[in-house]
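Q: Please take a close look at a single part of this protein, the interface between its domains. A connected account of how the two sides meet would be welcome.

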Amino acid sequence: MALTLYVDTARWRAHHKHVQEQFPGLVPVCKGNGYGFGHERLAEEATRLGSDVLAVGTTYEAAQIKDYFGGDLLVLTPYRRGEEPVPLPDRVVRSVSSVDGVYGLVGARVVIEVMSSMKRHGISEQDLPQLHAAIENVRLEGFAIHLPLDRTDGSDAVEEVIGWMDRLRAARLPLHTMFVSHLKADELARLQQQFPQTRFRARIGTRLWLGDHEATEYRGAVLDVTRVAKGERFGYRQQKAASDGFLVVVAGGTSHGVGLEAPKALHGVMPRAKGVARAGLATVNRNLSPFVWGGKQRWFAEPPHMQVSILFVPSDAPEPTVGDELVAHLRHTTTQFDRLLDR
């Protein structure tokens with residue numbers, strides 16, 4: 001009995017090809033938990049796509065993935081002097097976001113990140129004159145810009161990239177390759193048309209692996225079902241059942257990521273109101289689970305355990321049976337499955 005990730009493999013891979021066609025020179029991204037699929041699986045899929053470069057989050061991830069992917073590995077986290085050395089092959093390319101970082105990587109292959117409106121990390125315009133001397137001792141693979149997902153000020157992503165292209169060109173720095181993130185296909189095409197001598201390469205993770213929501217589905221198997229009467233106590237904390245119903249033990253707990261959720265940025269009155277309502281219910285131990293039964297998302301009977309969750313299903317709903325599987329609306333990037341099944 002397991003928490004299973006089902007993958008409609010043909011549909012999933014058709015989506016990959018569609019994205020690849022929209023973004024020539026695509027660089028797949030495999031970081032964190034491998035977007036819910038695992039590093040080994042995504043390395044295999046990147047190889048299937050014919051990718052020559054796979055982007056990873058950290059040097060530790062590069063060390064793990066190097067045995068599964070034969071092309072170049074681009075580490076997205078910028079190099080910092082004094083970081084723990086990790087043995088890596090020459091096909092690993094390091095990102096750098098400071099002049100000092102470039103000087104610290106003599107002989108290495110590097111991509112230099114420029115500071116975008118994200119304001120996370122990157123070379124500033126004032127740093128550009130110092131780069132000429134710095135890049136003489138490294139193998140420059142190109143520049144990169146990481147753009148924000150939302151542009152609430154109405155600004156244009158393409159114009160932001162053009163601004164940096166003009167600055168780099170004015171500084172007489174090599175512009176053979178520019179790695180970009182969070183651009184639309186038509187935006188990438190506009191840039192390529194305006195700068196035909198530069199190869200623009202889109203680094204894409206979420207849109208590539210998770211863009212077709214119907215291609216994947218999590219399901220948790222029912223392990224036990226116990227009937228309870230109103231007022232009857234249950235669970236670790238011996239709470240009372242609010243009404244007659246069933247306690248349903250389903251595969252999927254905190255070790256899988258069930259009940260763990262990254263904070264969301266809320267926009268608009270309705271999403272904020274729903275957030276307030278959820279917070280209010282949580283104060284009285286009412287938390288909606290990600291599991292669906294009888295067409296409805298069901299409430300946790302109590303906080304999820306390490307490997308299972310206990311749900312409360314009211315008596316007016318169909319009674320689950322051991323072996324049934326409940327669809328679970330889980331976030332791929334925070335979920336660890338027991339097994340993955342292609343179908």
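A: In this predicted model, the contact between the two domains involves 9 residues of domain 1 and 10 residues of domain 2. On the side of domain 1, the area lost to domain 2 is greatest for Asn33, Gly36 and Phe37, which together account for 46% of what that side buries. The two domains bury about 790 Å² between them, and 53% of this area lies on carbon and sulfur atoms. By the domain assignment, domain 1 covers residues 8-210 and domain 2 covers residues 216-342; their centres, taken over C-alpha atoms, are separated by 38 Å.

The residues of domain 1 that touch domain 2 comprise 4 nonpolar, 3 polar and 2 charged. Across this interface there is 1 salt bridge. A salt bridge joins the side chains of Asp342 and Arg41, with an N to O distance of 2.8 Å.

The structure holds 1 cavity of 30 Å³ or more, and the volume of the largest cavity is about 50 Å³. Its lining includes Glu113, Val114, Met115, Ser116 and His146. By residue class, the lining of the largest cavity divides into 3 nonpolar, 3 polar and 3 charged residues.

Notes. Residues numbered from 1 in each chain as written. Predicted model: local features only at pLDDT ≥ 70, side-chain atom pairs only at ≥ 80, totals over all residues. Heavy atoms only, no water. Domains from an automatic or database assignment. Contact = heavy atoms within 4.5 Å. Buried area = accessible area lost by both parts, 1.4 Å probe. Salt bridge = Lys/Arg side-chain N within 4 Å of Asp/Glu carboxyl O. Nonpolar A, V, L, I, M, F, W, Y, C, P; charged D, E, K, R; others polar. 1 Å grid on protein atoms, 1.4 Å probe; cavity = no way out; pocket = protein on both sides within 12 Å on 5 of 7 lines; lining within 4 Å. Points joined across faces, edges and corners; volume = space filled by probe spheres on them.
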